[in-house]
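Q: Could you walk me through reading this structure, one feature at a time? I would like the general idea and then the case at hand.

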Amino acid sequence: MVNSLRQHVLLEAIRADTEELFSELTAINRTLYRHPELGLQETSACALLAKFLQAHGFSVETSLAGLPTSFRADAPSDPSLPAFAFLAEYDDLPGIGHGCGHNL
């Protein structure tokens, strides 16, 4: 019961944050869609995403493992809460664009 309640509270917090950020996330989605970049060339997309995350309190490290379009963003965390990760792809398909929804 306690875990179920904690899960519900966490999901509600995520839902509220997502609703609060909806217009900003939609603008990012549209920008990525309108300006597709091929794999390992997504410099604008990487910069846009890193800037958004920094603006929302994440510490951002770019150019991981020698890849200039990679980044890692860490949020301030509470060790008593579950840890989770989002993995992102933001490259487009040659001649198609964001056909797989990577911009989402």
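A: Gladly! Let's begin with burial: a residue is buried under 20% relative accessible area, exposed over 50%, and partly exposed in between, using a 1.4 Å probe and protein chains only. By that cut-off histidine 98 counts as buried, at 8% relative accessibility. Keep in mind that this is a predicted model, where local features need pLDDT of at least 70, side-chain atom pairs count only at pLDDT 80 or more, and totals for chains, interfaces and linings use all residues. Residues are numbered from 1 along each chain as its sequence is written, and side-chain values use heavy atoms, leaving out hydrogens and water.

Q: Which residues does histidine 98 touch, leaving out those up to four places away in sequence?
A: A contact means heavy atoms within 4.5 Å. With those sequence neighbours left out, histidine 98 touches Leu32, Tyr33, Pro36, Tyr90, Asp91, Asp92 and Asn103. The side chain of histidine 98 also reaches the backbone oxygen of leucine 32 at 2.9 Å. Such a polar contact is a pair of N or O atoms within 3.5 Å; within protein, one must be able to donate a hydrogen and the other to accept it, and residues adjacent in sequence count only if both atoms are side-chain atoms.

Q: What does the secondary structure of the chain come to?
A: Helices (H or I, at least four residues) and strands (E, at least two) are DSSP runs, numbered from the N terminus. Here there are two helices and two strands, in the order α-α-β-β along the sequence. Histidine 98 is in the segment after strand 2 (71-74), while leucine 10 lies in helix 1 (residues 2-34).

Q: How many disulfides are there?
A: A disulfide is a pair of cysteine sulfur atoms within 2.5 Å. By this rule the count is zero. Cysteine 46 is in no disulfide, as the nearest cysteine sulfur, that of cysteine 100, is 20 Å away. Cysteine 46 counts as buried at 5% relative accessibility, whereas cysteine 100 counts as exposed at 54%.

Q: What share of the residues of the chain count as buried?
A: Of the 104 residues, 19% count as buried. The C-alpha atoms fill a box of roughly 50 × 25 × 20 Å, taken along the principal axes. Among contacts between residues at least 6 apart in sequence, 45% join residues at least 24 apart.
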